[in-house]
Amino acid sequence: MLEPLLDVLTSASYQLLAQARRLSTGNATDRQTATIFALSACELYTEQALTKLIRRRAAALNGIIVALLGTTISLGNSRVQTIYGWLTDDYPWGDARLERPQAPWWTDWSASRDLRNDVAHAGQPVTSVEAARCVKSGISYLAHVTDAVAKALV
């Protein structure tokens, strides 16, 4: 029963990114919407990835993990980072203690996330360059998480 839901979240993530790409070259409102869609795609995809990982690698801890995650299912959330890192041994934000470098897309994605919050909470205008960066970093995010989850499930 959960697999169809995961497929829907995956499909929705890619559809949001595709729509974000189309909107990123539009007018001011379109660019703001593109920013929100690109980061929403990342959050949906992260939720899908963690759900799959928990089901396959830590089913007995499902309730505890879900309680730790809270409501924001994004690698920008430190609780999500902890669970994601534990399940995947992947640290795209970088981890000095483990001597893991930051992923090349991480800085742009973090800036895009901050911009999305500014758009959502304060109506911040978005340039076409910023909207394109949000889309590009979202694509990199989904590709990275896809690879990390695939490796973790082997």
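Visitor: Before we start, what does "partly exposed" mean here?

Guide: Buried is under 20% relative accessible area and exposed is over 50%, with partly exposed in between. Keep in mind that we're looking at a predicted model.

Visitor: Why is R100 called partly exposed?

Guide: R100 has a relative accessible area of 28%. That value sits between the 20% and 50% cut-offs, so partly exposed it is.

Visitor: What makes R100 and D89 a salt bridge?

Guide: Their closest N and O atoms are 3.0 Å apart, and the cut-off is 4 Å, so the pair counts. Both R100 and D89 lie in the loop between helix 4 and helix 5, so the pair ties together parts that are 11 residues apart in sequence. D89, at 46%, is partly exposed too.

Visitor: How many salt bridges does a search of the whole structure find?

Guide: Three. Another one joins R116 to E43, again with the closest N and O atoms 3.0 Å apart. R116 lies in helix 5 and E43 in helix 2, so here the parts tied together are 73 residues apart in sequence.

Visitor: How do you know whether R116 is buried or exposed?

Guide: Check the number: R116 has 10% relative accessibility. Buried means under 20%, so R116 counts as buried.

Visitor: Let's turn to the nonpolar core. Which residues touch the most other members of the largest one?

Guide: The largest nonpolar core has 40 residues, and L50, L75, Y84, L87, W109, Y141 and V145 touch the most other members. Helix 1, helix 2, helix 4, helix 5 and helix 6 are the elements that give two or more residues to this core. Helix 2 gives the most, with 10 residues.

Visitor: What does L75 touch?

Guide: Leaving out residues up to four places away in sequence, L75 touches T46, V80, Q81, Y84, P92, W93, W106, W109, Y141 and V145.

Visitor: What tends to happen to nonpolar side chains in soluble globular proteins?

Guide: As a general rule, they tend to be buried together.

Terms used
Residues numbered from 1 in each chain as written. Predicted model: local features only at pLDDT ≥ 70, side-chain atom pairs only at ≥ 80, totals over all residues. Heavy atoms only, no water. Core = buried A, V, L, I, M, F, W, Y, C linked by side-chain atoms within 4.5 Å. Buried < 20%, exposed > 50% of the residue type's maximum accessible area, 1.4 Å probe, protein only. Helix = DSSP H or I, 4+ residues; strand = E, 2+ residues; numbered from the N terminus. Contact = heavy atoms within 4.5 Å. Salt bridge = Lys/Arg side-chain N within 4 Å of Asp/Glu carboxyl O.
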